[in-house]
Amino acid sequence: MPSPFRAITATALIAWSILAFMRPAQADALADIKRNGVITMGVFEDFPPFSSVGTDMSLRGYDVDFANAVAKSLGVKARLVPVTGQNRIPALQSRKVDILLSVGHSAEREKVIDFTAAYAPYYIAVLGPRSLKVGGAADLAGKTVAVNRGTLEDSSLTEAAPPTTDIRRFDNYNGVISAFLAGQVQLITVGNDVGSAVLARRPALEPEQKFQLLSSPDHVALNKNEPALRQALDDIIGGLKADGTLNRLSMQWLLKPLDPKDL
Amino acid sequence: MEFTLWDILRNLLLAARWTALLSAMAFCSGGLSGLLLLALRMGGSPAVRRLATAFIEVFQGTPLLMQLFLVYFGLPLLGLDVPPWLAALLGLTLAASAYLAEIWRGCVEAVPLGQWEAAAAMGLHRFRQAQLVILPQALRIAVPPTVGFLVQLVKSTALTSIIGFDELLKTSNVINNATFAPFTVYGLVALIYFALCYPLTMASRTLERRLALATR
Amino acid sequence: MPAGGVLEAYVVPILHGISTTLLLIALTVLLGGTLSILGAAARRSATSWVRGGAGWYVELFRNTPFIVQLFFVYFGLPSLGLRLDPFAAAVFAMTLNFTAYGTEMVRAGLDAVPPGQRDAGRALGLHDFTVFGRVVLPQALRSVFPALVSQVVITMLESAVVSQIALRDLTYEADLIQSRTFRAFETYAVATGIYLGLSLVLRRAVGRAGGRLLGQGLG
């Protein structure tokens with residue numbers, strides 16, 4: 001090969017390796033967070049009333065206020081990273097984020113990630129228009145139901161629904177909610193608070209909660225083998241519960257007082 | 001908290017900056033690596049040529065969405081921390097280099113073989129032949145299809161929304177979920193993409209016509 | 001892993017996804033191919049508004065991303081009363097998109113056929129339709145056939161985004177497996193390999209079908 005080509009090849013190879021920002025996996029997430037002065041948290045951005053955008057495109061909701069309270073207790077800044085149901089566990093595992101908010105507990109997930117104590121109530125419910133008769137999971141047969149893929153809504157619906165249910169899985173809550181509002185699916189499976197926040201906007205559809213699939217309070221999720229971070233987060237959640245902060249968030253965003261039984 | 005039409009449009013236009021920036025960056029880095037790929041494809045040893053050809057065929061024969069997924073989910077397995085914007089840029093760069101190398105190869109091959117022979121007869125080294133004789137001619141032919149490819153690239157950036165880069169389409173999804181007005185939101189988004197792409201399409205066509213006249 | 005093992009958990013869904021992807025592209029080629037010929041005729045029409053309308057249609061669809069067209073059809077059109085299920089919406093959007101490119105290609109092919117060919121056909125006393133269908137069109141398609149085949153492959157690859165409206169194509173099934181196994185890279189690597197195989201097979205199959213339809217001598 002003529003030498004100028006070799007020079008080009010070498011230059012390009014060096015350029016590529018500079019592009020590859022080498023960063024080894026962290027050893028102690030809590031220490032890193034304190035050292036960087038920032039905690040990176042994965043949140044949904046299409047998930048009212050927990051987190052959705054305002055007219056200035058900034059996130060607002062229960063999770064956002066909770067995230068700021070956690071960061072304040074740790075003495076660091078909060079950085080919110082939008083995630084989807086599909087990419088958030090890989091994002092946590094690949095340490096794109098330090099923790100995830102709004103994660104329901106499941107045995108399947110327990111194998112790959114850790115959970116803190118619960119910090120928010122969450123009921124997974126099936127919602128649909130008043131005119132559609134649905135009393136329980138058996139009535140889902142032959143109906144179209146939208147759900148956010150890879151979430152706990154997805155796994156609990158998949159388990160409960162009869163085989164003839166047409167489950168349509170979307171990448172994010174936007175797809176789920178838009179498909180329902182556009183009349184593309186008959187029912188949706190979301191948290192009941194999410195459902196009521198959304199459906200309040202479309203009273204013409206007369207949507208209502210059909211039945212509850214399960215109660216699955218929201219936890220903070222973190223990577224395995226991070227005992228220091230887990231202990232710190234559990235202490236903070238205990239503190240926010242004791243000093244009434246979580247109750248205040250519940251009143252503001254979920255429009256009802258926090259019932260300790262729900263956590 | 002209600003979004004007015006102006007709120008929607010304003011936020012979409014702000015997000016379109018990221019679409020434009022990502023397109024421009026991917027075009028530059030894709031162009032550079034495309035040149036390298038072209039050099040390997042045309043001037044390397046037989047094994048290198050085969051490798052470069054395989055690279056091009058793989059990237060032209062698989063969906064960009066899959067390429068983005070592999071970069072986004074694959075690099076962390078190697079211990080590399082890639083944020084969505086970098087994964088988006090890397091994925092688009094790789095794809096763009098494959099397409100541009102192939103477009104430019106066509107342009108180089110469009111230069112008559114006699115030109116290489118004439119340059120060789122002047123005693124020029126093969127690299128000099130390419131640099132002084134072939135490339136200036138190929139470059140003229142290459143401009144219109146390259147600008148045309150830029151249109152494809154701008155449109156491709158929409159897929160980076162799926163791996164979470166906050167460009168135009170991602171922002172429109174988020175706004176759609178706060179306004180529940182998909183007809184308006186996606187209609188506006190289509191118009192903004194059109195406003196970005198149509199001038200490029202026109203430019204490519206004008207350049208092509210001018211070239212056709214000049215070479216007649 | 002669910003009961004039934006690897007076959008039921010991975011192989012069956014993937015095969016189902018492949019068949020959906022292939023069905024989508026087959027319908028798109030049939031519908032879009034036909035419409036492209038009509039579109040090309042419209043682009044060459046003597047009536048200026050037909051010519052202009054077809055021109056704007058081509059520009060609009062070639063200068064916006066396919067995924068935006070798809071979202072507009074699936075999420076947006078219901079507010080105008082047109083509600084298509086994911087499959088119909090995908091075929092609709094893919095056909096409109098393919099037709100925009102196909103129209104320009106077929107038109108370029110028609111422009112390249114020497115006018116003498118049409119005159120010769122007429123001189124033989126053939127009807128205008130017969131001249132177009134039997135003499136001009138085959139020559140036009142033959143000259144742009146490689147470009148059309150490439151566009152078919154590109155359209156098939158772009159169809160990966162129909163997973164975003166919950167249509168169970170190959171990408172959707174890969175997404176689903178990925179969300180169950182938490183092994184994103186491996187899953188998408190397999191899916192990517194399958195797409196590569198599909199594009200090779202598709203290129204060959206369309207080439208062969210075109211050869212049979214248009215006669216030998218295709219590049």
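C:Val12 sits in helix α1 of chain C, which runs over residues 5-43. This is a predicted model, and in it C:Val12 comes out as partly exposed, with 46% relative accessibility. Together with C:Val6, C:Leu7, C:Val11 and C:Leu15, C:Val12 makes a nonpolar surface patch of about 440 Å².

**Helix packing in chain A**

- Two packed helices are described by the angle between their axes and the distance between the axes.
- For helix α3 (residues 62-74) and helix α10 (residues 245-254) of chain A, the angle is about 155 degrees and the axes lie 9 Å apart.
- Because of that angle, α3(A) counts as roughly antiparallel to α10(A); the cut-off for that label is over 145 degrees.
- As for handedness, α3(A) and α10(A) make a right-handed crossing.

**A salt bridge between two loops of chain A**

- A:Asp171 pairs up with A:Arg149 in a salt bridge, and their closest N and O atoms are 2.2 Å apart.
- This pair links distant parts of the chain, the two residues being 22 residues apart.
- A:Asp171 is in the loop between β10 (166-170) and α7 (173-181), while A:Arg149 is in the loop between β9 (144-148) and α6 (152-160).
- A:Asp171 is buried at 5% relative accessible area, and A:Arg149 also counts as buried, at 0% relative accessibility.

- The side chains of B:Asp7 and B:Arg10 form a salt bridge at 2.8 Å, N to O.
- Both residues belong to helix α1 (residues 5-43) of chain B; they are three residues apart, so about one helical turn separates them.
- B:Asp7 counts as buried, with 12% relative accessibility, whereas B:Arg10 is partly exposed, with a relative accessible area of 29%.

- In chain C, the side chains of C:Glu173 and C:Arg168 meet in a salt bridge at 3.1 Å, N to O.
- C:Glu173 is buried, its relative accessible area being 1%, but C:Arg168 counts as partly exposed at 36% relative accessibility.
- Elsewhere, A:Glu45, B:Asp166 and B:Lys170 are joined into one network by salt bridges that share partners.

Definitions and conventions: Residues are numbered from 1 along each chain as its sequence is written. Chains are lettered from A and ligands numbered from 1 in the order in which they are written. This is a predicted model: local features need pLDDT of at least 70, side-chain atom pairs count only at pLDDT 80 or more; totals for chains, interfaces and linings use all residues. Side-chain values use heavy atoms; hydrogens and water are left out. Patches are made of residues with over 30% relative accessible area and no salt bridge: like charges are joined within 9 Å, nonpolar side chains (Val, Leu, Ile, Met, Phe, Trp, Tyr) within 5 Å. Accessible areas come from the Shrake-Rupley method with a 1.4 Å probe; for residues, only the protein chains shown count as cover. A salt bridge is a side-chain nitrogen of Lys or Arg within 4 Å of a carboxyl oxygen of Asp or Glu. Helices (H or I, at least four residues) and strands (E, at least two) are DSSP runs, numbered from the N terminus. Buried means under 20% relative accessible area, exposed over 50%, partly exposed in between (1.4 Å probe, protein chains only). Axes are lines fitted to C-alpha atoms, for helices over the stretch in contact, and angles run from 0 to 180 degrees between N-to-C directions. Angles under 35 degrees count as roughly parallel, over 145 as roughly antiparallel, 65 to 115 as roughly perpendicular and the rest as oblique. A crossing is left-handed if the near helix is turned anticlockwise from the far one by less than a right angle, and right-handed if clockwise.
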